[in-house]
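Hello,

Please find the structure below.

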Amino acid sequence: MKHWTQANTADFAYSISLGFFTQLEDRLEQSPMKRRDYAEKLGVTAGRISQILNNPPDNPQLESLVQYARALGMKVAVVAYDDGDPENDKGPIFSEVFNASWERIGKPRDLISVTGAITPHAPYHETQQDFYRPETIVAPIQLPYMEPKAPIECIVAVAQVPITGQTGYAPIN
Amino acid sequence: MPILKLALELVPLVGHTERRVVAFLRGHTDLDAGSEFDKVADTPLGKRLRYKMDLWIAFKPDTKGKFHRFKNAATAYRECFVFIDIEEKMRLYGFTCHPDKADPSFELIVLTTHAIKKENETDLTELNRVLTWMKHPATMKAIQDAYPAEPKPEGK
């Protein structure tokens with residue numbers, strides 16, 4: 001065994017819970033909201049909040065996680081990922097890493113903002129390459145909105161036009 | 001007088017990387033961070049401590065109530081470090097260093113001692129304990145043994 005979360009799924013789940021409540025604690029620390037107010041929103045005592053943050057539950061219910069996050073104005077995503085470590089020798093990737101990555105690329109709400117292409121239409125290698133190149137990510141967001149008059153395939157092509165420094169976007173024939 | 005021999009041991013089952021590593025310094029009864037951790041290693045407390053070590057290894061900045069350096073303390077204590085568990089009031093103290101001459105960005109935390117305390121205020125007694133071990137020749141030898149200097153290429 002190389003990492004403590006390898007032993008069983010319960011330990012892996014515990015590390016997810018620890019990561020989740022670490023995120024909430026950080027948020028609470030940065031927020032003007034006091035622990036007392038947070039506790040009031042959740043209908044528990046401030047002492048209970050401290051207890052949960054210092055010693056998170058080992059297997060919290062998904063609905064509870066949503067309640068804790070929503071009371072801080074946050075949302076929750078459950079993300080499955082492949083980090084090339086199928087035996088989990090290296091341990092999990094922290095939820096903060098996913099959140100920081102998402103924030104860094106401008107908090108996109110859809111896939112086209114991230115990949116620059118509508119995923120089902122784009123070949124796999126095209127959606128994966130240059131995933132983190134800023135121009136690939138920003139360009140589709142900066143394009144002026146135009147009422148689509150062409151078939152959807154053309155819109156895909158607009159998003160894939162390489163950015164070479166000029167403003168606007170290339171016409172499609 | 002017998003020569004004190006100390007050794008570094010990577011904290012088991014933590015996600016060490018090529019950039020950051022956490023280790024226990026062992027070989028003397030006062031060096032109790034490792035032995036105290038061993039007692040709780042398989043409990044929720046041990047898992048929470050390992051989780052915090054993983055967080056530091058993943059470059060999470062110092063976090064109140066989890067782990068931190070002593071940036072606001074006197075210069076002498078700036079390399080001291082602590083992992084904290086508020087629930088069980090446990091502290092694992094140590095110091096940070098950059099032992100790999102070939103890669104100065106590589107960072108190692110050497111955990112030396114442990115304490116049970118409730119107060120948040122910095123306890124200089126604990127930090128002085130860390131400094132004593134940090135400066136001890138046997139500690140330096142243990143670090144050098146674990147991270148030997150790169151042999152010079154032949155002919156230079």
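Which side chains meet in a salt bridge at 2.5 Å, N to O? They are those of E25(A) and K66(B). A salt bridge here is a side-chain nitrogen of Lys or Arg within 4 Å of a carboxyl oxygen of Asp or Glu.

Some ground rules. This is a predicted model, in which local features need pLDDT of at least 70 and side-chain atom pairs count only at pLDDT 80 or more, while totals for chains, interfaces and linings use all residues. Residues are numbered from 1 along each chain as its sequence is written, chains are lettered from A in the order in which they are written, and side-chain values use heavy atoms, with hydrogens and water left out.

The interface

Between chain B and chain A there are 5 salt bridges. The two chains also share 10 residue pairs in polar contact, both residues at pLDDT 80 or more. (A polar contact is a pair of N or O atoms within 3.5 Å; within protein, one must be able to donate a hydrogen and the other to accept it, and residues adjacent in sequence count only if both atoms are side-chain atoms.) On the chain B side, helix α2 (residues 44–57) gives the largest share of the touching residues, 7. Helices are DSSP runs of H or I with at least four residues, strands are runs of E with at least two, and both are numbered from the N terminus.

Chain B puts 18 residues into the contact and chain A puts in 20, where contact means heavy atoms within 4.5 Å. About 1700 Å² is buried between them, 57% of it from carbon and sulfur atoms. (Buried area is the accessible area, with a 1.4 Å probe, that two parts lose on being put together, summed over both.) L13(B), K47(B) and Y51(B) supply 37% of what chain B buries against chain A, more than any other three residues.

H3(A)

H3(A) lies in the segment before α1 of chain A. H3(A) counts as buried because its relative accessibility is 1%; buried means under 20% relative accessible area, exposed over 50%, and partly exposed in between (1.4 Å probe, protein chains only). Its side chain makes a polar contact of 2.8 Å with that of T5(A). Leaving out residues up to four places away in sequence, H3(A) touches residues of both chains, including P92(A), L13(B) and D54(B).

Regards
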